[in-house]
Every structure is written in C-alpha cells, then in structure tokens.
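Let's take a friendly walk through this structure, with the sequence and the coordinates side by side.

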Amino acid sequence: MPTSPVLPKLVGQRVKRREDPRLIQGRATFVDDVKIAGMLHIAFKRSDVAHGRIRSIDTSAAEAMEGVEAVFTGAQIADLLGPMPIATPFPSPAHRAVAVDTVRYVGEPVAVVVASDRYIARDAIDAITVDYETLPAVVDPELAMTGKPTVIHPEFPNNLAVPLVPSGTGVTLDGKVDDTAIDRAFKDADVIITQRMVNHRLVPNSIEARGVVAHYEPGKGSMTIWSSTQNPHILRTMIAAMTGLGQDQVRAIAPEVGGGFGAKINIYGEEYVAAAVSKHLGTAVKWIEDRSEAFLATTHGRDLIGYVELAAQRDGKVLGLKIRLIADVGAYNMLLTAAIPTLAMMMANANYDIPAIRTTLTEVFTNKTSTDAYRGAGRPEASYFIERAMDMLARELKMDPAEVRRKNFIAPNQFPYQTQMGAVYDSGDYEKAMDAALSAADWKGLQAERDAARAEGRLVGLGLSMYVEVCGIGPSSSLPTGGWEHAQVTIERDGRISATTGASPHGQGNETTFAQMLADEFGVPMEHITIHHGDTGIVKQGVGTFGSRSQAVGGTTLLMAGAKVKTKMARFAAEMLEASVADLVFENGTIAVKGAPTSAKKFADVAAFAYVPVPLPEGMEPGLSEEAFFEPTNNTYPFGCHISMLEIDRETGEPTLLKFVAVDDAGNLINPLIVEGQIHGGLAQGIGQAMIEEAVYDESGQLITGSLMDYALPRATDFPRFEVHSTVTPTPVNPLGAKGVGEAGTLGSTPCIVSAAVDALSEFGVTHIDMMLRPEKLWRIIHGGRA
Amino acid sequence: MAAVSMTVNGKVRKAQVEPRLLLVHFLREQLNLTGTHVGCDTSQCGACTVLIDGRSVKSCTVFAVQAEGATITTIEGLATNDALHPVQECFWEEHGLQCGFCTPGMIMSAVNLLADNPQPTEDQIREGISGNFCRCTGYQHIVNAIQHAASRSGSAASSSKR
C-alpha cells in the first residue's frame with residue numbers, strides 16, 4: 001500500500017507563482033532574446049508628418065551602406081502583402097502595412113530596411129529621405145466631423161468612420177427609433193444633469209514594447225513566427241492569410257510576453273511585413289520596437305467624448321439617461337478599433353435599473369495613431385461617464401453619493417438582468433459590495449476626517465464609484481475570433497500531467513492557477529503538472545487572452561478536458577482495482593476505492609497501465625489524453641465599489657491621493673494573491689489616467705508626449721498603499737463560478753478620483769473636472785481669475 | 001573598434017566593440033546575458049539596471065567602453081550556487097512581478113537600495129525604485145517584497161548579534 005502525504009487543496013489559496021523562478025533570475029525568453037543563425041534585422045522608416053502625399057522616396061544612400069541587405073518602399077511591400085485586414089463588420093478605409101502614396105499619422109511606416117545588425121538598420125533608416133507634400137491635419141474629432149480642415153479618407157465624408165448609430169430604449173435591432181419613453185423620462189424629471197466629458201487618449205506602454213522574429217524555411221515551405229502577442233492562434237490565422245500559407249504551415253509562438261494591456265491583441269503591419277520579408281528573402285528577420293516608436297506605432301486607448309444627460313426625481317431615482325458618444329479612432333481601423341467604443345454603449349446601464357436609456361455613437365477618423373483595446377476597452381469609458389453623472393446628481397440633490405446609488409441599483413433578485421442595452425447581467429449584489437466598501441473605508445469616519453481637514457483650510461475630498469464590467473468574453477456571436485477556448489490534458493506514462501491551453505498569458509499567472517485546479521482535480525502535487533501555452537505547434541487550438549477571459553473561459557475549458565481524461569483514467573483504475581468507477585476517489589497521488597484506503601493504486605501506476613494495458617479493457621482505447629472546447633453562453637459581469645480620498649495643495653494645485661479602498665467581486669477566486677496583483681495593476685492604470693497620464697497631440701498632429709520623458713507613466717511614488725477587499729458572487733455562466741478580474745481596476749478608479757477632486761474643490765462651485773488632474777488646471781479653479 | 005575588458009558575474013570578458021555600443025547591448029548581444037532588458041530609449045524605465053562596481057546603473061546610459069575595467073553584476077549573477085538572492089526570493093514570495101519584464105532591473109535597484117539603507121521606510125522604498133517602471137503590479141507587491149527582504153536581513157543581523 002502506498003503511503004502518501006496528504007495534499008492540501010490549492011484552489012482558493014495564495015499559491016506562489018510557478019512562472020517566477022525563471023523571471024527573477026533573468027532566464028526567461030522574451031522575443032528579443034530569440035536568435036536564429038543568419039538572422040537579419042528590420043527597421044521602419046516612419047512618417048514625420050501627420051498628413052501628406054509622398055512625392056518621392058530616395059533609398060539609394062541606404063542601399064549603398066555596408067550591411068544593408070534590402071530596402072523596401074511601400075509600393076514594393078504592396079507587391080508582397082495585401083491590404084491590412086480588420087475583424088469588425090464596419091466599413092474600413094484602404095490601409096497598407098507600409099504607406100504607398102499618402103501618410104495619415106506621424107509614425108506611419110513608409111519604408112523598410114533589412115540589415116545585418118540593428119545599429120546599421122537604424123543608420124540606414126536615417127539615410128532615407130522622403131519628400132512630402134504636406135496636407136492639412138486634423139486632431140480634434142469634433143472638428144474632423146465637419147469635414148474641415150481635411151478629409152482623411154475620401155470615401156469617408158466628414159471623416160465619419162461610423163456615422164451616428166443609436167442604441168437603447170426604443171431602438172429596434174433594425175435601427176427603428178421610438179423616442180416616446182426617453183422623452184417622457186426627461187419630461188417627468190425634477191432635475192437634469194448635463195455634462196460634456198472627455199475620456200482622454202492614453203498610451204498603453206507595456207514595459208516590453210512589441211517585437212517579432214519571422215523565420216521562413218524555404219526547404220520546408222513553412223514559417224515560424226515569434227511575437228510579443230496576447231493571442232498566437234489569431235496571429236497564426238492572420239499570418240497564414242496574409243502570406244498565402246496554410247494555417248498548418250505557420251507556427252506562431254508567443255514566448256514570454258512583457259505585458260499587453262490590450263494593445264497586443266491587434267495583429268500589426270510590422271508582423272505582416274516581417275513575415276513577408278522573411279518569406280521573400282528566405283531568411284529569418286527580427287524587428288524590435290523602440291519605446292519612442294511604440295508611442296506612435298502601437299495602438300492607443302480610450303479617446304471618447306461623452307455628452308451625458310441624466311434625468312432624475314428629487315429623491316434621487318434616475319428616470320432616464322442619454323449619452324452621445326464621439327470616438328476618435330485615429331487614422332485607420334485596426335483589427336478591433338471600430339468595435340471598442342461599442343462596448344461603452346453596451347455598458348451604459350452600469351449598475352442601475354434605469355427605465356429609459358438612449359445612446360448614440362459616432363466614430364471619427366483623425367490624423368493620429370489608431371485606437372484599439374486598452375485595459376477595459378470601452379467599459380472604463382462608460383463607467384467614467386455614468387459614475388461622474390451619478391456623482392453630479394448626488395451633489396445637485398445634496399445627497400450622499402452612496403445613497404443616490406443605493407436608490408438605483410439593480411436588485412439581487414433581478415438577476416439575470418436584461419439591460420436596456422442588450423446585455424444580460426449574469427449575477428450581482430451591488431449593495432453588498434458598496435456596503436463592504438463603506439465599511440472597509442469607514443465612510444462616516446472619512447467624512448469626519450475630510451471635514452476636519454477642511455476646517456483647517458485644506459482642500460480634501462472624497463470619491464465613491466461603482467462599476468460593472470464585462471469579462472469572460474464569449475460566445476462566438478460576440479467575437480469574430482470565436483468566443484471559445486481550447487485545452488488538452490494528457491496524463492503522461494510516468495503519471496505527470498501535461499496540459500495545453502489556448503489562453504496565452506502575459507503576466508496573468510495561468511501556469512499557476514491552472515495547475516492549482518488540475519492538482520485538486522487529480523489529487524496530485526502541483527509540481528507534477530506542466531501547463532503549456534503560447535505555441536501553436538504545441539497548443540492545437542486557441543483564441544487568446546483578452547477581455548479578462550483566461551480564467552473564466554480558458555480555466556473552465558481546461559477543467560473540462562481534465563474531467564474527460566479523469567473519467568477514462570478511472571475506468572483503467574477500476575479495472576486494476578476490480579471496483580466500480582463510481583466508488584473511486586483521486587487523492588494524495590493515489591486512486592482508491594472510497595472508504596478502503598488500503599486498496600489504493602499509485603496514480604503513476606494507473607497511468608503506466610493505461611499505456612500498456614494488458615489486457616486492454618473491453619471497448620477502450622489505450623492512452624490518457626483528452627481535449628475540450630468550451631464556449632460560454634454569456635459574458636460574465638464582475639462589479640465593485642471604489643472609495644478614495646484626495647488632497648489638493650491650495651498653493652500649487654498639486655493633487656495627492658491619500659487613500660484608495662477597492663471592493664471587487666470577481667466571483668470565485670482561484671488564487672487571491674494573483675487576483676490582488678491584477679486589481680493593483682488595474683488601479684494603477686486607472687489612477688494613472690485620472691491623475692497624470694495623457695497622450696497630447698499638437699494641432700499639426702505631432703504627439704508631444706511621445707517618449708517616457710514626456711508621457712507620465714506612474715512611478716512607485718505616485719500611489720498610496722491600496723486597500724483591496726472582495727465580496728464573492730459566483731457566476732452561473734461557468735462551472736468555476738469565476739468572473740474575471742484583469743481589467744476591473746481601471747473601471748471604478750477614474751470616476752472615483754475625479755469625484756474626489758471635485759469634492760475637494762467644491763467650495764469653488766466646480767461640478768466637473770475633465771481628466772487628467774493637471775495641477776495647473778486645478779490651480780486655475782482655486783485661483784480663478786488670477787491665472 | 002575598441003578593445004574592452006571587464007569582469008561580468010565573476011568572469012573576465014574581453015572583446016572588440018564599436019565605441020558607440022551600449023553596455024546593455026554588449027551584455028545582451030555579445031555575452032548572451034539576455035536577462036537585462038531594454039524597455040525604453042530615454043533612460044527612464046530602468047529595465048536595463050545592472051550593478052557596476054556595486055552601484056545600480058542603467059546600462060543603456062553607459063557605452064561598453066566606459067565599463068572598461070569595471071566589475072559588473074547582472075540579474076544572472078545574483079543567485080549564488082543556485083541559491084536565490086534574498087531579494088529574488090522575496091519578489092517570488094510576495095508576488096512582486098507579473099509579466100516579469102521590468103523585474104530584473106527592479107531587483108537590481110532593490111539590491112542597491114538595501115545595500116545603502118538596510119531598513120528603509122515604505123516612502124524610502126518607493127523613492128528608491130522610482131527610477132524603475134512597472135506597468136503590471138501597481139508597485140504594492142514590489143514594495144512588500146523589498147520590505148520583506150529588509151526584515152529578513154534585519155532579523156538575520158539581529159540574530160547574528162546575539
């Protein structure tokens with residue numbers, strides 16, 4: 001009889017990450033660490049004008065340089081590559097990976113150098129001269145909508161990427177609009193809050209910028225491509241389509257990926273160019289993005305204007321909400337660009353039972369870098385607009401901001417809740433989360449503290465915000481990539497477990513959480529399990545990691561594959577034990593008959609038997625390897641409540657965040673340590689947006705915050721210690737009951753901070769301040785005409 | 001080309017390099033020490049931080065030829081005889097990293113910080129790593145990791161006094 005130590009259950013525990021040993025020792029392989037014999041280096045010549053026609057390009061000096069292997073202009077790349085693809089149903093302008101005759105934003109590629117070394121490639125870029133006929137540029141979306149001073153794509157009049165699309169109460173799927181309900185809500189209202197708000201443009205700034213190594217092997221006719229991407233399977237699909245290879249002939253690898261935050265979902269022109277050039281030259285090529293390049297060439301986030309109107313009764317009950325959204329999408333549609341602002345429309349209900357909602361969305365081209373997904377992608381924008389409006393309502397009615405919200409919450413017994421915007425919220429208890437936050441922060445005590453500080457003449461304010469988020473994104477009707485995930489679980493001959501997942505992590509710790517789940521499922525030590533990901537040569541199928549879906553969708557898929565192989569393994573064990581499958585338990589590295597521990601067979605012995613089954617049980621195939629696809633029936637909708645305290649220096653206008661308390665409800669938690677890390681990171685990006693981060697363009701279309709010297713990325717000194725708590729409301733959408741948590745921190749934090757700033761400056765009669773909270777802006781409010 | 005000689009992680013390394021070659025590229029491309037990362041091009045991010053003669057330096061601000069004769073420790077040289085450095089161990093225990101790209105530089109800065117000030121306050125820790133960007137963690141678990149490392153060495157010091 002085997003004597004095995006008792007293995008503790010791991011799901012729900014603060015388990016240390018298995019990814020860390022290689023990362024803390026500098027032994028991980030990021031894309032820039034990949035080296036192939038004979039590999040050449042690519043650099044891109046990029047436009048330094050925001051809008052212009054290319055009169056001529058002179059590449060002769062570059063071509064003459066020693067070490068330069070090839071130079072391609074846009075026209076030459078167009079011979080190798082078709083137009084850039086998109087994945088949304090919206091009409092999109094022609095877009096080439098390298099501009100052929102017109103450039104439409106600063107940073108747009110105009111030529112490609114291939115050289116023996118990275119320094120030479122850069123020298124050669126500088127040796128290329130481009131003569132532009134400069135055209136007028138437009139950077140303000142509301143100006144661009146008038147068609148002045150320029151039309152960026154002739155086939156899109158007035159620069160309208162998406163003309164006005166209505167949604168909400170009274171709007172049918174075929175676009176018929178009935179205003180009766182929304183008009184009545186505003187007619188019956190005692191108070192109407194009206195505010196234009198800007199959710200400004202951000203630069204994602206993963207600390208590892210993008211990069212790609214493409215290695216076409218002419219002898220085999222196949223391509224291996226390493227890229228810093230969130231979704232290698234989508235990369236494989238797109239690279240195959242763009243290079244004319246079959247998907248069976250392309251192997252895409254996401255090695256260690258140094259952060260993504262949504263900006264590495266898109267498949268970029270540089271990836272297609274690297275693949276095409278490698279195929280054309282028959283050699284491996286590498287392109288690594290510089291930080292200054294990343295500011296221009298990697299998609300930006302947010303940039304949404306909201307005209308918000310909120311109609312309410314004097315008691316705080318909201319009757320109606322109108323939001324007119326104007327999205328600045330930049331110069332071109334990337335893979336998902338056009339779809340991101342629609343998520344802001346979809347979440348216009350926020351946490352509230354609002355009788356009538358009307359939103360409209362217009363998307364506008366400007367001479368700026370394209371926008372696309374950035375942590376939260378549309379939902380933080382919605383959350384900001386609505387939570388700020390709720391705060392303004394509370395201020396107008398002189399009500400506590402918590403009490404206004406309490407009056408309007410969707411009640412726990414209303415779930416599943418069909419929103420006015422077409423979403424079905426899975427589960428929720430918003431009052432529980434808010435009460436937990438009020439208690440954790442000691443809201444009354446904070447109010448007293450604020451009032452005491454004010455009595456001393458200090459400018460201190462409190463902010464409170466709710467949020468509800470869309471995570472665990474699926475089913476396929478909501479994602480052009482397919483809304484499922486794939487996994488395979490193999491019990492090896494020695495009893496160790498190999499598992500593959502299509503959820504390709506870039507910091508989320510899936511190697512740990514997924515191993516925790518399998519360890520519990522099979523009753524084996526976590527050290528006996530390896531989770532493979534990020535390589536389409538090993539992981540057969542997959543969608544990827546975005547929309548906070550890797551645990552809710554990918555984790556569920558893995559458990560389903562695990563359950564299948566466990567069922568089969570139990571049949572082999574039953575054969576060995578001469579017992580019934582129903583009586584078996586998997587625990588402590590054994591499989592035993594329930595109540596008869598002395599009967600136990602070692603897990604590894606059952607595995608060995610499954611691969612040499614003599615005799616083979618009737619009706620069974622040998623081996624232990626099963627796969628699963630899982631597609632959820634719905635998204636999940638996590639939620640929470642954030643509270644902050646902020647002080648503004650009366651003399652300098654400088655804001656200081658004194659306190660931040662977050663209560664998040666992400667359903668069941670697999671690893672609370674990792675969840676806390678995800679919340680902290682989301683908060684940092686949301687607070688960063690509210691307080692210091694902003695992508696600023698001048699009128700000529702130059703990004704004047706185009707480096708880390710000019711763009712304020714938050715440092716450790718910019719934050720207080722976050723106080724993070726959770727409530728648990730499981731989702732019925734997947735068997736884990738897990739909702740997803742990666743983006744949540746960016747939702748509640750921006751309105752929470754701005755509301756605290758407005759509260760701090762309430763003595764000056766201010767009702768709204770647009771982000772970010774630049775000290776000069778606050779100083780002008782404090783000092784009025786003395787600016 | 002210029003001749004350069006330095007001691008890296010205990011080994012003497014001699015090479016002919018372009019005078020303009022950055023130290024970080026020398027380490028990564030010529031010595032294959034790819035644990036030291038490049039995260040920006042303006043010396044803001046700190047992902048390339050190494051120890052030069054025991055002091056933390058952003059290796060993208062130094063030409064390889066300027067390190068002539070220097071003793072350099074990179075992240076690969078921090079663990080000794082397969083035993084993690086206490087700062088590495090505490091980053092692991094406290095979940096001080098997510099994607100891990102900034103981590104080598106962050107750890108090297110933390111090592112330097114604790115060498116200068118073995119018992120820093122939280123504010124001193126935050127100030128001490130303010131030359132290193134992390135986009136994933138919000139810094140709190142990094143601060144916890146450094147506090148943990150400090151308390152360990154503190155308790156080690158007090159127990160050795162006894």
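## The overall build of chain B

Please keep in mind that this is a predicted model. Chain B contains 5 helices and 5 strands. Read from the N terminus, its elements run β-β-α-β-β-β-α-α-α-α. The radius of gyration of chain B is 16 Å, close to the 15 Å that the globule rule gives for 162 residues, so chain B is as compact as a globular protein of that length.

Along the principal axes, the C-alpha atoms of chain B fill a box of roughly 50 × 35 × 25 Å. Of its 162 residues, 53% count as buried.

## Helices α2 and α3 of chain B

Two packed helices are described by the angle between their axes and the distance between the axes. For helix α2 (residues 86-93) and helix α3 (residues 103-116) of chain B, the axes come within 9 Å and cross at roughly 125°. That angle makes α2(B) oblique to α3(B). The crossing of these two helices, α2(B) and α3(B), is right-handed.

Which residues bring the pair together? On the α2(B) side they are B:V87, B:Q88 and B:F91, and these meet B:T103, B:I107, B:A110, B:V111 and B:L114 in α3(B). Sorted by class, this contact of α2(B) with α3(B) has 6 nonpolar, 2 polar and no charged residues.

## A closer look at B:A145

Now move along to helix α5 (residues 140-161) of chain B, where B:A145 lies. Is B:A145 buried or exposed? It counts as buried, because it has 27 C-beta neighbours inside 10 Å, and the cut-off for buried is 20 or more.

Leaving aside residues up to four places away in sequence, B:A145 touches B:C90, B:F91, B:E94 and B:G96. One of these, B:F91, is also among the α2(B) residues that meet α3(B).

## Where chain B touches chain A

The contact between the chains takes 42 residues from chain B and 43 residues from chain A. On the chain B side, α2, α3, α4 (122-128) and α5 each supply at least two residues. The largest share of that side, 4 residues, comes from α2(B). By class, the residues of chain B that touch chain A divide into 19 nonpolar, 17 polar and 6 charged.

## A helix pair in chain A

Over in chain A, helix α11 (residues 379-397) and helix α12 (residues 401-408) pack at an angle of about 115°, with their axes 9 Å apart. The helices α11(A) and α12(A) are therefore roughly perpendicular to each other. Their crossing, α11(A) with α12(A), is right-handed.

In α11(A), the residues in contact are A:M390, A:D391, A:L393, A:A394 and A:L397, and they meet A:P401, A:V404 and A:R405 in α12(A). By class, this contact has 6 nonpolar, no polar and 2 charged residues.

Conventions
Residues numbered from 1 in each chain as written. Chains lettered and ligands numbered in written order. Predicted model: local features only at pLDDT ≥ 70, side-chain atom pairs only at ≥ 80, totals over all residues. Axes fitted to C-alpha atoms, helices over the stretch in contact; angles between N-to-C directions. Parallel < 35°, antiparallel > 145°, perpendicular 65-115°, else oblique. Left-handed = near helix turned anticlockwise from the far one by under 90°. Contact = placed C-beta atoms within 7 Å. Nonpolar A, V, L, I, M, F, W, Y, C, P; charged D, E, K, R; others polar. Rg over C-alpha atoms; globule rule 2.2 N^0.38 Å. Buried ≥ 20, exposed ≤ 12 C-beta atoms within 10 Å, placed from the backbone.
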